[in-house]
Amino acid sequence: MNQPVNLSAALEKLIPAKAVLQPASSARQDATGAAHSEALPKQQIYGVTTLVPMRQTLDAEATEALYEQLRTRAISCAPEALADLGWMMVNGIHLQTNFVLGHQLLQHAADLRFAVALFTQAECFRHGVGFLKDCSKAEELYTSALFCGDTQIPPHNRSIHGMAVHALGQLYEEGSTDGEPDHETAVRHYMLAASLGSSNARIDECRLLLLKHSPAYDYEAALYRLQEAALLGIHAASHLLSEIYAGKFEEHTPPTDPDGRMRHFWYQLAREQQPEP
C-alpha cells in the first residue's frame with residue numbers, strides 16, 4: 001500500500017516544479033554536456049506519446065501548461081505521463097534536453113509495464129540516444145514491449161505492439177544483434193507486425209520478398225501483398241506497384257501488362273493516396 005505513496009513522493013522531488021524550456025537555437029547535448037547529433041528517427045517515434053503534440057510548435061505558455069498537466073499526472077504515477085515527459089526530455093522536444101532525467105522517467109514508466117515506455121527505451125538503445133548503442137538491449141526491450149500485456153495504451157497507439165515486432169524484424173534483417181542478417185526471420189516478423197497494425201512493416205516485408213539475392217525472395221507473393229496493401233490505402237504500396245509496372249524496379253522485368261492498364265491504375269491510385277505535405 002505504501003509503495004505508490006512513496007513513489008509519488010519521490011517523483012514530486014525528482015520532477016522539477018517548473019518546465020525547463022528548450023532554447024530556440026541549441027545543440028542537443030548528451031548527459032556529459034558534449035554535443036550530441038543523433039536523434040530517434042521521427043518516423044518511428046510519432047504516435048508513441050499520449051498528450052504531446054509532435055508536429056506543431058508550442059509557445060512558452062502552452063509548453064508550460066502541458067508540462068504542468070503532465071507533471072501532475074506523473075506524480076500520481078500515471079505511466080503515460082511519465083513516458084511522455086521522458087520522451088520530451090530525451091528528444092529535446094518542447095523541453096530542454098535532459099537524458100538523465102528523461103531516462104529515469106522512462107524507467108519508472110517501464111517499471112509500471114507501460115509498453116510505450118519500453119518501446120521508447122528500446123529505440124534509445126538501438127540508436128544510441130543517451131546510451132551507448134546496444135542492439136541486444138534494444139531487442140530485449142522491444143520484446144518486453146510486445147509481451148507486457150499493456151492495457152493502458154491509448155487508442156491512437158494501439159499499433160505499438162506492431163511497431164515493436166516491426167523493429168525486431170529490422171534488427172534481424174540488419175543482423176544487428178548477432179552480425180548475421182536473417183531475412184526469412186525478418187519477413188516472419190514483418191508479417192506479424194502488419195497483422196498487428198504496422199503498415200510500414202508490410203512494405204519492408206515486400207521489399208525483402210522482391211530482392212533476388214535474398215533467401216526470402218518470392219516475387220509473386222510480393223506483388224500479391226503489395227496489391228493487398230495498396231487496396232487497403234497504403235500509399236507506399238501503390239507507389240511501389242506503379243514503379244514496378246513502369247519498369248523502374250531494376251531487379252525485375254515489369255509484369256505482363258500489354259495495354260498499360262495496370263500501370264495506369266496503380267499510378268492513379270498512388271496519386272490519390274499521396275499524403276498531404
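This is a predicted model: local features need pLDDT of at least 70, side-chain atom pairs count only at pLDDT 80 or more; totals for chains, interfaces and linings use all residues.
View 1. The protein chain has 13 helices and 0 strands (DSSP runs: H or I of at least four residues for helices, E of at least two for strands, numbered from the N terminus). Of its 277 residues, 48% count as buried (under 20% relative accessible area with a 1.4 Å probe, protein chains only). Take the contacts with a separation of 6 or more: residues 24 or more positions apart account for 58% of them (contact means heavy atoms within 4.5 Å).

**View 2. Helix H4 sits inside.** H4 covers residues 79–91 and spans 18 Å from first C-alpha to last, close to the 18 Å expected (1.5 Å times one less than its number of residues). 13 of its 13 residues are buried, so H4 is largely enclosed by the rest of the structure. Just after H4 comes Gly92, with a positive phi of about 65°.

**View 3. H10 packs against H11.** Helix H10 (residues 199–209) and helix H11 (residues 219–231) meet at about 155°, their axes 8 Å apart (lines fitted to C-alpha atoms over the stretch in contact, with angles from 0 to 180 degrees between N-to-C directions). That makes the two roughly antiparallel (over 145 degrees). Among the residues making the contact are Ile203 and Leu209 of H10, plus Leu226 and Ala229 of H11. The contact residues divide into 8 nonpolar, no polar and 4 charged (Ala, Val, Leu, Ile, Met, Phe, Trp, Tyr, Cys and Pro are nonpolar; Asp, Glu, Lys and Arg charged; the others, Gly among them, polar).

**Notes.** Residues are numbered from 1 along each chain as its sequence is written, and side-chain values use heavy atoms, leaving out hydrogens and water. Local features need pLDDT of at least 70 and side-chain atom pairs count only at pLDDT 80 or more, while totals for chains, interfaces and linings use all residues.

Definitions and conventions:
Buried means under 20% relative accessible area, exposed over 50%, partly exposed in between (1.4 Å probe, protein chains only). Angles under 35 degrees count as roughly parallel, over 145 as roughly antiparallel, 65 to 115 as roughly perpendicular and the rest as oblique.
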